[in-house]
Structure formats: C-alpha cells, structure tokens
Amino acid sequence: MELRVLKYFLMVAREENITRAAELLHITQPTLSRQLIQLEEELGVTLFQRSRHRIILTEDGMLLRRRAEEILSLTEKTRQDLQHHTGILSGKITIGSGEFKSSQFLADLISAFHREHPQVDFELYSGNADSIKEKIDRGSLDIGLLADPVDISKYHFIRTPFKERWGVLVGRNSELAEKEEVSPEELVRFPVIMAQRELVQNELMNWFGKYADQIKTAATGNLLYNMAALAKAQMGCVITMELNCSYDGLCFIPFRPALESGTVLVWKKALIFSQAVERFLEFTRTYLKGIYNH
C-alpha cells in the first residue's frame, strides 16, 4: 500500500467523483480507476459504492479514510522532524489540549519558545483527555495538556501550578444566576448538561454526595461550545470548568463547596522524540520553575 495511492484514495473520497479527482491529481481517469481497483484487490475489500454520477465510501472505505489520514499526517510529521538546518532548531511540535483557563499558560509557553526558535512550527489539537491520549498513543500528538481526573500511568508528565475551578454555566434569567455560589442541594433541582467522560462524571458524583441519585442529566458533551448552546436554549445548566471567555446570555456560578482540578502536561514513555520536542520539554521544565519560584 503506497503513500501515493493513499493520497489518490483520499482525493476520490473527498471529491466523490473520479473524473474531478483525476483532474486535481493531474493524472488520467483510467489510471486513477486502475489504482483504486488494485487497492481494493490488495486489501480484499470494496472501498466505494459506485453510481453514474458519484461514488461514496463503504464502511471499509470510511475506516481506510481515517487510517489513511493518520498515516499521511504521521508521515509528514516524521519528514518534518527529520529535517535539520545547521545551527537552527526546526521541525513541528504537535500538542493537544482541553478547554481550560490554563490554556493561556500553554499559549504563553508556546509563544515564549517560538520567540527563541522561530523555525519550529506548532500544530494544536483541541479535544477531551481520552481523544488526546489516543492520539499520543498513536504518535500523531507529541504532548497533551490534560486536567484531573485522568489516568496518566502510561506517560511521563509535568504538573502545572494551575487549578481549574468547577461550577455551572446558566442562563442569566435562571434563578441560579443570582447566586454567588451553588451547592449540590440547590443544583439537583435543575436538569444538567455534563461531560461524557466517565472519570469526570465519577468526580462530579462525589461532589454531589448524597444528592447524586437525584441528578437529572439532560445531555452530555465533550467540549463546551455546543453544550453552552444547549444552555442558551434553556435545556439545562452546564457543569463545566471556568474559562477565560464568556457566552452571551450565560454566566458562570462556582460550586460550594469548591471543586478544583489540576492540570498536567503528558507525553509517551520510552519514545525517542525529535530534537524540537526534546528542547521544548527542557524549555517547559525551566519555564515552570520560573513560575513556581515566583
């Protein structure tokens, strides 16, 4: 399975039309069709459902599309990591992060490193802890910024000094919006929208304590923007960490008693990184020492 053929396959999957894909690839349509047939024969599966006007992916085709995108992305990342310029640090560093207040720390850290090494590029991925760890395990991400609770037994890590404060995002016309803090007893009277991750849900159940059985969950989600939209539509209160941003018509009310989560930078154990990533990790340790000393 050649990388060139995978690129052909992805172009056809995107365009859903062999003629148009062949034009964009600057090859003939018969050549492209032959390459796709040979790919299906090599894999022993049918990748496309063909009709007169378009072709669409089968389930096997959709699986190959995901894998091909990962393979080509990792190939390009490897190529960039192996490029060296005499006396100049270069390459690409890929970092995944959830949505936190300490995301500003990550931005400041990246910016400080980039000022010293402007030939190093960064690629950021936003997601929850599970998706970030999966991409680290597959090699498509170098580093992740994660929030507790999270299992980091498989990773090297550096804890940050920052704490994330939990609370609820509610509509400004909600009776909760008038409160400075909200308790479990007060919150169980309202439907809630919370994170999908089981570890996070367990942590929240511990906070609710004896009221945990009374929680009415209206919806779950993995990132805040769409969950906030549900809150604006009056579907419920979003249980979330406080962020350095605001949403029209919504306000954040912290928990009482307070619930906080730490954040941690993680990377895979027993892995040889590019020079750029190694230097970034060294820079991070020094950078955080400066913060702790202050």
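Predicted model: local features only at pLDDT ≥ 70, side-chain atom pairs only at ≥ 80, totals over all residues.
Residues are numbered from 1 along each chain as its sequence is written, and side-chain values use heavy atoms, with hydrogens and water left out. Local features need pLDDT of at least 70, side-chain atom pairs count only at pLDDT 80 or more, and totals for chains, interfaces and linings use all residues.

**Exercise 1. Cores**

Task: find which residues have the most contacts inside the largest nonpolar core, and list what Ile239 touches.

Solution. 
- Start with the term. A nonpolar core is a set of buried Ala, Val, Leu, Ile, Met, Phe, Trp, Tyr and Cys residues joined through side-chain atoms within 4.5 Å. Buried means under 20% relative accessible area, exposed over 50%, partly exposed in between (1.4 Å probe, protein chains only).
- The largest core has 49 residues. Ile93, Ile143, Val168, Leu187, Ile239 and Phe255 have the most contacts inside it.
- Now take Ile239. Leaving out residues up to four places away in sequence, it touches Trp166, Gly167, Val168, Leu187, Val192, Ile193, Met194, Leu204, Phe208 and Phe255. Contact means heavy atoms within 4.5 Å.
- A second, separate core has 21 residues, including Leu6, Phe9, Leu39 and Leu72.

**Exercise 2. Positive phi**

Task: locate Glu16 and Gln234, then state the exposure of each.

Solution. 
- Glu16 is not a glycine, yet its phi is positive, about 55 degrees. Its loop runs between α1 (3–15) and α2 (18–25). Glu16 is partly exposed, at 29% relative accessible area.
- Gln234, also not a glycine, has a positive phi of about 65 degrees. Its loop joins α9 (224–232) and β9 (237–241). Gln234 is exposed, at 62%.

**Exercise 3. Thr58**

Task: is Thr58 buried or exposed? Which backbone oxygen does its side chain reach?

Solution. 
- Thr58 lies in the loop between β2 (55–57) and α4 (59–81).
- Thr58 counts as buried because its relative accessibility is 13%.
- Its side chain reaches the backbone oxygen of Thr46 at 2.6 Å.
- Beyond residues up to four places away in sequence, Thr58 touches Thr46, Leu47, Phe48 and Gln49.

Notes. Helix = DSSP H or I, 4+ residues; strand = E, 2+ residues; numbered from the N terminus. Polar contact = N/O pair within 3.5 Å; in protein donor to acceptor, adjacent residues only side chain to side chain.
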